[in-house]
Amino acid sequence: MEKINGIQVIAFDADDTLWVNETFFREAELKFVDLMSAYAPQDEVLRILFDVEMENMPMYGYGIKGFMLSLIETANLISGFQTSARQTNAIIEIGKEMLNKPVELLDGVEDVLQQLARKYKLIVATKGDLLDQERKLKKSGLLQYFHHIEVMSDKTPEAYQSLLKHLDIEASELLMVGNSLKSDILPVLEIGGWGVHIPFHTTWQHEVVTEKINSVRFCERQSIWELMPML
């Protein structure tokens, strides 16, 4: 893919596309592992935690608050329901610390958005907890560049179709930029849109895709700066 023509709207994922996010989850997991060290080794703690998160996903969705609840549930399972009030509070504090993290923009994000906003309608298409994502967007200083903010419970082809109807555009007029092949790219390609994958150095296990993508509407770039020659 060299040049993309006919694009009206460029949608950006938020976490790990515009700013750092997954790193904080990995740090929180290590703190949790340390908290649970008397009950189980690291690999077992992380395995059980992931299983609990997957089971809870339909109820809690994505985000820090659901993650906190899964941490507490995992602690109870690992400890044989011997988790103390002090330990439970320590887990809550891990979550609060995540919620209070500063927003660290990735390199080049604001400069690229500033240039693209002169020619295209820019939107955020992200998933997670609405309150948390709104908080991060306000802290980021990027709100001025976006025409619309869409926080989805999950990024499915149906969710993107609904977004297209709201924007009143065809799928071929949408370019999605994100770090997750599973959530940001594959569903958009499925409905006929364009996708640019910009990998982040840390990827949640749930978002890993190993299959090779063969599509003329897809490409991978290493930096957000590399969008400019394509548009």
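Biologist: Which residues does Gly-95 touch, not counting residues up to four places away in sequence?

Modeller: Gly-95 touches Ile-64 and Met-68. A touch is a contact, meaning heavy atoms within 4.5 Å. This is a predicted model, where local features need pLDDT of at least 70, side-chain atom pairs count only at pLDDT 80 or more, and totals for chains, interfaces and linings use all residues. Residues are numbered from 1 along each chain as its sequence is written, and side-chain values use heavy atoms, leaving out hydrogens and water.

Biologist: Why does Gly-95 count as buried?

Modeller: Gly-95 sits in helix α4 (residues 85–99). Its relative accessibility is 0%. Buried means under 20% relative accessible area, exposed means over 50%, and partly exposed lies in between (1.4 Å probe, protein chains only). Gly-95 is therefore buried.

Biologist: What makes Met-68 buried?

Modeller: Met-68 has a relative accessible area of 13%, so it is buried. Met-68 belongs to helix α3. Met-68 touches Ile-91, Ile-92, Gly-95 and Lys-96, leaving aside residues up to four places away in sequence.

Biologist: How many helices and strands are in the chain?

Modeller: The chain has eight helices and six strands. Helices (H or I, at least four residues) and strands (E, at least two) are DSSP runs, numbered from the N terminus. Along the sequence, the pattern reads β-α-α-α-α-α-β-α-β-α-β-α-β-β.

Biologist: Why are α1 and α3 called roughly parallel?

Modeller: The axes of α1 (residues 22–35) and α3 (residues 64–79) cross at roughly 20° and come within 12 Å. Axes are lines fitted to C-alpha atoms, for helices over the stretch in contact, and angles run from 0 to 180 degrees between N-to-C directions. Under 35 degrees is roughly parallel, over 145 roughly antiparallel, 65 to 115 roughly perpendicular, and the rest oblique. α1 and α3 are therefore roughly parallel.

Biologist: Which residues make the contact between α1 and α3?

Modeller: Phe-25, Ala-28, Glu-29 and Phe-32 of α1 meet Ile-64, Phe-67, Leu-71, Thr-74 and Ala-75 of α3. By class, the contact of α1 with α3 has seven nonpolar, one polar and one charged residues. Ala, Val, Leu, Ile, Met, Phe, Trp, Tyr, Cys and Pro count as nonpolar; Asp, Glu, Lys and Arg as charged; the others, Gly among them, as polar.

Biologist: Is Asp-168 buried or exposed?

Modeller: Asp-168 has a relative accessible area of 69%, so it is exposed. Asp-168 lies in the loop between α7 (157–167) and β4 (174–178). Asp-168 also has a positive phi, about 60°, although it is not a glycine.

Biologist: Why does Val-196 count as buried?

Modeller: Val-196 has 0% relative accessibility, so it counts as buried. Val-196 is in strand β5 (residues 194–197). Beyond residues up to four places away in sequence, Val-196 touches several others, including Leu-175, Ile-185, Cys-219 and Met-230. Val-177 is 19 residues from Val-196 in sequence, but 4.9 Å away in space, C-alpha to C-alpha.

Biologist: How do you know that the radius of gyration agrees with a compact globule?

Modeller: For 231 residues, a compact globule would have a radius of gyration near 17 Å; the chain has 19 Å, which agrees. The radius is taken over C-alpha atoms, and the globule rule is 2.2 Å times the number of residues to the power 0.38. The C-alpha trace spans about 60 × 35 × 30 Å along its principal axes.

Biologist: What share of the 231 residues is buried?

Modeller: Buried residues make up 51% of the chain.
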